[in-house]
Amino acid sequence: LVQSHWGASISQGFYDETGKGWVVRLFEKLNADKPGEYQHSILAHGGDRSYDLWHRLTSEALSRPSDILMMEICSNDVNRPNPGDPHSLSESARANIWEKICTLSKSNYSQVFLFSTIPKNEAVLTQMRQRDPTIGWTDNASVSALNDQISAIAKGHGITFINMYPGLLTDHFMATLEDGIHPNGQGHQIIADLAYDELQQYL
């Protein structure tokens with residue numbers, strides 16, 4: 001039994017034409033190997049940041065019995081109104097909340113997996129902001145630094161980190177980010193396939 005306590009809109013499946021998203025697609029692949037072996041509950045919510053992940057962990061997630069917890073780093077932590085503005089959550093605030101998340105997770109689940117957040121298509125985001133300056137900004141330098149920071153904390157707690165970021169830095173995947181941030185159905189399948197391959201050595 002897997003408790004899927006995921007991240008934000010990407011884990012929730014935004015922009016996937018089927019409505020599944022990469023998480024459901026991943027569990028379809030896992031259950032194709034072992035039918036009925038993996039039950040899951042997706043607790044991702046669009047717009048969530050690390051603070052929201054913490055509150056959902058202490059309420060919704062821990063109220064449901066399960067063996068495995070899977071989480072995704074929230075890229076909303078480094079969103080901001082304009083490129084020069086401070087991140088949504090400061091580096092110190094992120095460190096504090098992830099120390100709490102990792103400590104509580106390790107004490108309540110037999111296995112904990114943390115997935116990296118995914119890269120963005122900055123060219124598309126720039127074009128969209130030229131048309132609508134109110135669109136928020138995120139960039140891959142910040143996303144990469146976020147992955148590095150949170151993965152180091154997770155590893156310090158003995159949590160398995162699945163780094164999908166490098167494998168998604170391809171023209172093929174970037175073309176699926178129609179708004180620069182969220183993948184379409186094809187992109188969600190690419191993420192699911194990558195996550196599935198990475199998990200084979202652990203599940």
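Student: In which helix is D171 found, and is D171 buried or exposed?
Tutor: Helices here are DSSP runs of H or I with at least four residues, strands are runs of E with at least two, and both are numbered from the N terminus. D171 is found in helix α7, which covers residues 171–174. Buried means under 20% relative accessible area, exposed means over 50%, and partly exposed is in between, using a 1.4 Å probe and protein chains only. D171 has a relative accessible area of 72%, and therefore counts as exposed. As for distance, the C-alpha atoms of D171 and N121 are separated by 9.6 Å, although the two residues are 50 residues apart along the chain.

Student: Before we go on, please tell me what kind of model this is and how its residues are counted.
Tutor: This is a predicted model, in which local features need pLDDT of at least 70 and side-chain atom pairs count only at pLDDT 80 or more, while totals for chains, interfaces and linings use all residues. Residues are numbered from 1 along each chain as its sequence is written, and side-chain values use heavy atoms, with hydrogens and water left out.

Student: Where does R25 lie, and which residues is R25 in contact with?
Tutor: R25 belongs to helix α2, residues 21–33, and is buried because its relative accessible area is 11%. Contact means heavy atoms within 4.5 Å. Leaving aside neighbours within four places in sequence, R25 is in contact with D16, T18, K20, G185, H188, Q189 and A192.

Student: How do the axes of α2 and α8 cross?
Tutor: Two packed helices are described by the angle between their axes and the distance between the axes. An axis is a line fitted to C-alpha atoms, for helices over the stretch in contact, and angles run from 0 to 180 degrees between N-to-C directions. The axes of α2 and helix α8 (residues 185–199) come within 8 Å and cross at roughly 45°. Angles under 35 degrees count as roughly parallel, over 145 as roughly antiparallel, 65 to 115 as roughly perpendicular and the rest as oblique, and α2 and α8 are therefore oblique to each other. On the α2 side the contact is made by G21, W22, R25, L26, K29, L30 and D33, and on the α8 side by G185, H188, Q189, I191, A192, D193, A195, Y196 and L199.

Student: How do those residues of the contact of α2 with α8 divide by class?
Tutor: Ala, Val, Leu, Ile, Met, Phe, Trp, Tyr, Cys and Pro count as nonpolar, Asp, Glu, Lys and Arg as charged, and the others, Gly among them, as polar. The contact of α2 with α8 has eight nonpolar, four polar and four charged residues.

Student: At what angle do α3 and α4 cross?
Tutor: Helix α3 (residues 50–61) and helix α4 (residues 91–106) have axes that come within 9 Å and cross at roughly 20°, and these two helices are therefore roughly parallel to each other. In α3 the residues S50, Y51, L53, W54, L57 and T58 meet A93, I97, W98, K100, I101, L104 and S105 in α4. By class, this contact of α3 with α4 has nine nonpolar, three polar and one charged residues.

Student: Which residues of α4 meet α6?
Tutor: From α4 come E91, R94, A95, W98, E99 and C102, which meet L146, Q149, I150, I153 and A154 in α6. Here the contact of α4 with α6 divides into seven nonpolar, one polar and three charged residues. The axes of α4 and helix α6 (residues 140–156) come within 9 Å and cross at roughly 35°.

Student: Turning to loops, where does S41 lie, and what does S41 touch?
Tutor: S41 lies in the loop between α2 and α3, and is buried, with a relative accessible area of 16%. Not counting residues up to four places away in sequence, S41 touches V2, Q3, S4, H5 and R64. A polar contact is a pair of N or O atoms within 3.5 Å; within protein, one must be able to donate a hydrogen and the other to accept it, and residues adjacent in sequence count only if both atoms are side-chain atoms. The side chains of S41 and R64 are joined by a polar contact of 2.6 Å.

Student: Is S63 buried or exposed, and what does its side chain reach?
Tutor: S63, in the loop between α3 and β2 (68–72), is exposed, with a relative accessible area of 54%. Its side chain reaches the backbone oxygen of S59 at 3.3 Å.

Student: What is the phi value of Y15?
Tutor: Phi of Y15 is near 75°, a positive value in a residue other than glycine. Y15 is found in the loop between α1 (9–12) and α2, and counts as partly exposed at 43% relative accessibility.
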